[in-house]
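Biologist: I would like to learn how to read a protein structure feature by feature, with the general idea stated before the particular case. Could we begin with the way side chains gather in the interior?

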Amino acid sequence: MSRCLELAKQGSGFVTPNPMVGAVLVYEEKIIGEGYHQRFGEAHAEVNCINQAIQNGKKDLLKHSTLYVSLEPCAHYGKTPPCTDLIIKNKIPTVFIGCRDPNKDVNGRGIEKLNATGIKTEEGILEKECIELNKRFFTFHLQHRPYIILKWAQTADGKIALFNIPTNLKDFENNGGGKKSFQRLLISNEYSNRLVHKWRSEEASILIGTNTAFVDDPELNTRLWEGPSPIRLIVDMNLKLPSSLKIFNRQTRTIVFNTKKHEEENNLLYWQVTNDVSLVHQILNALYHLKIQSVLVEGGARLLQSFIDESLWDEARIISNQQLAIGNGLAAPILEHVEKTKEQKVFSDIIDYYKPITG
């Protein structure tokens with residue numbers, strides 16, 4: 001099962017909204033085939049595993065082998081046929097399963113279908129690790145919302161931006177705290193920046209607020225890391241952001257949350273929200289509706305604090321530059337009731353990882 005998890009991780013960033021899954025076929029304590037779900041819409045782990053064994057000339061051994069798979073095999077038609085049918089067809093007698101699939105179309109049905117044909121199954125093998133691997137998938141199906149990661153970089157004295165007053169932001173009274181807005185401040189080092197791009201490749205979407213989009217003019221892609229770029233999510237309530245910004249280059253699907261219109265054109269979706277309901281809840285409901293299973297919230301401070309205040313987040317990753325202090329500036333968001341799970345040193349930066357304390 002540990003090998004299944006190793007294989008499954010190779011699908012990170014490429015299989016969403018499907019889960020990452022790995023499978024291994026064993027005959028007399030030797031692996032005769034292995035595979036993982038490589039890309040959404042393509043063959044599942046069990047199919048790749050069984051096909052590899054057949055290609056290796058081991059087809060006659062399948063009916064005497066044991067299949068290990070990190071997630072319950074599917075029993076329904078989706079983008080591909082049910083994996084249970086292939087297992088049954090090849091008369092594999094025993095299947096060890098890491099954890100059940102929380103998707104209502106599967107949850108227990110795959111196991112029941114295998115058992116009904118006389119195939120022996122055992123579940124719960126490295127169950128905690130298997131669930132952790134697909135925490136985004138489990139959160140989406142059990143809590144009906146995306147998995148939420150908060151991320152920001154701050155100076156040694158807890159600031160995330162400098163203050164300034166750019167004249168072409170004066171229309172953003174409701175988004176930038178009056179005419180006061182913020183000047184871009186480069187905080188994290190180049191190594192941390194590359195790590196952030198790796199994080200982006202692992203998530204389905206990335207979210208920023210109006211001022212961050214205007215001042216930083218980010219692309220929100222993975223140019224510093226090999227991997228898929230996330231769907232870009234922008235808050236622009238009054239649609240004041242100029243179309244010349246990089247986020248509007250249409251190279252990656254982009255969703256703009258606003259109060260003015262609801263329409264889609266050429267990879268750009270305008271999703272209409274209202275001012276009388278929590279914006280955070282409206283964004284999460286939209287992402288659930290759109291089957292977007294995870295979101296990396298990169299700023300700004302007000303947007304990040306909104307998620308914190310609503311107690312709607314699963315992880316926080318805070319990059320602190322230990323060599324930079326600026327005095328006056330925009331204060332970083334404030335986390336409360338948290339557990340620090342990890343600390344990572346990246347040259348001049350320290351990255352602290354947190355999760356909320358619940359209950």
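Biologist: Which residues touch the most other members of the largest nonpolar core?

Modeller: As a general idea, nonpolar side chains in soluble globular proteins tend to be buried together. In this case the largest nonpolar core has 37 residues, and those that touch the most other members are Ile148, Leu150, Trp152, Leu207, Phe257, Val297 and Phe307. Such a core is a set of buried Ala, Val, Leu, Ile, Met, Phe, Trp, Tyr and Cys residues joined through side-chain atoms within 4.5 Å; buried means under 20% relative accessible area, exposed over 50%, and partly exposed in between (1.4 Å probe, protein chains only). There is also a second, separate core of 34 residues, which includes Leu5, Met20, Leu114 and Ile119.

Modeller: Please keep in mind that this is a predicted model, in which local features need pLDDT of at least 70 and side-chain atom pairs count only at pLDDT 80 or more, while totals for chains, interfaces and linings use all residues. Residues are numbered from 1 along each chain as its sequence is written, and side-chain values use heavy atoms, with hydrogens and water left out.

Biologist: Beyond its neighbours within four places in sequence, what is Leu150 in contact with?

Modeller: With those neighbours left aside, Leu150 is in contact (heavy atoms within 4.5 Å) with Val297, Leu304, Phe307, Ile308, Trp313, Glu315, Ala316 and Arg317.

Biologist: How should I read a helix, and which residues of α4 are buried?

Modeller: An α-helix has 3.6 residues a turn, so residues three or four places apart point the same way. Helices here are DSSP runs of H or I with at least four residues, and strands are runs of E with at least two, numbered from the N terminus. In α4, which spans residues 109–116, the buried residues are Gly110, Ile111 and Leu114. They lie on the same side of α4 because they cover an arc of only 100° around the axis, taken from the directions from the helix axis to the C-beta atoms. Glu112 and Ala116, on the other side of α4, are exposed. The cover over the buried residues of α4 includes α3, β4 (94–99) and β5 (120–123), and after the helix comes Gly118, whose phi is positive, near 90°.

Biologist: Is Thr84 buried or exposed?

Modeller: Thr84 is buried, because its relative accessible area is 0%. Thr84 lies in helix α3 (residues 83–89), and, apart from neighbours within four places in sequence, its contacts are Pro73, Cys74, Ala75, Gly110, Lys113 and Leu114.

Biologist: What is the order of the strands in the open sheet?

Modeller: Strands of a sheet pair through backbone hydrogen bonds, either parallel or antiparallel. This open sheet has five strands in the order β2-β1-β3-β4-β5, with mixed pairing, where two strands count as paired if DSSP finds at least two bridges between them. Its edge strands, β2 (30–36) and β5, each pair on one side only, and the twist averages 15° from one strand to the next. Strands β1 (residues 22–27) and β3 (residues 66–71) run antiparallel and are joined by four bridges, with Ala23 standing opposite Val69 in β3. Helix α2 (residues 45–55) lies across β1, β2 and β3 at about 140° to β2, whereas α4 packs on the sheet by touching β4 and β5, its direction making about 150° with that of β5. Axes are lines fitted to C-alpha atoms, for helices over the stretch in contact, and angles run from 0 to 180 degrees between N-to-C directions.

Biologist: How many salt bridges does a search of the whole structure find?

Modeller: A salt bridge is a side-chain nitrogen of Lys or Arg within 4 Å of a carboxyl oxygen of Asp or Glu, and the search finds 19 of them. One joins Lys135 to Glu315, with the closest N and O atoms 2.7 Å apart; this pair links distant parts of the chain, since Lys135 is in helix α6 (residues 135–143) and Glu315 in strand β15 (residues 315–321), 180 residues apart. Lys135 and Glu315 are both buried, and together with Glu132 and Arg317 they are linked in a network of salt bridges.

Biologist: Which side chain does Arg145 meet in a salt bridge?

Modeller: The side chain of Arg145 meets that of Asp314 (2.8 Å, N to O). Arg145 lies in the loop between α6 and β6 (147–155) and Asp314 in the loop between α11 (301–309) and β15, so the pair ties together parts that are 169 residues apart in sequence. Arg145 is buried, as is Asp314.
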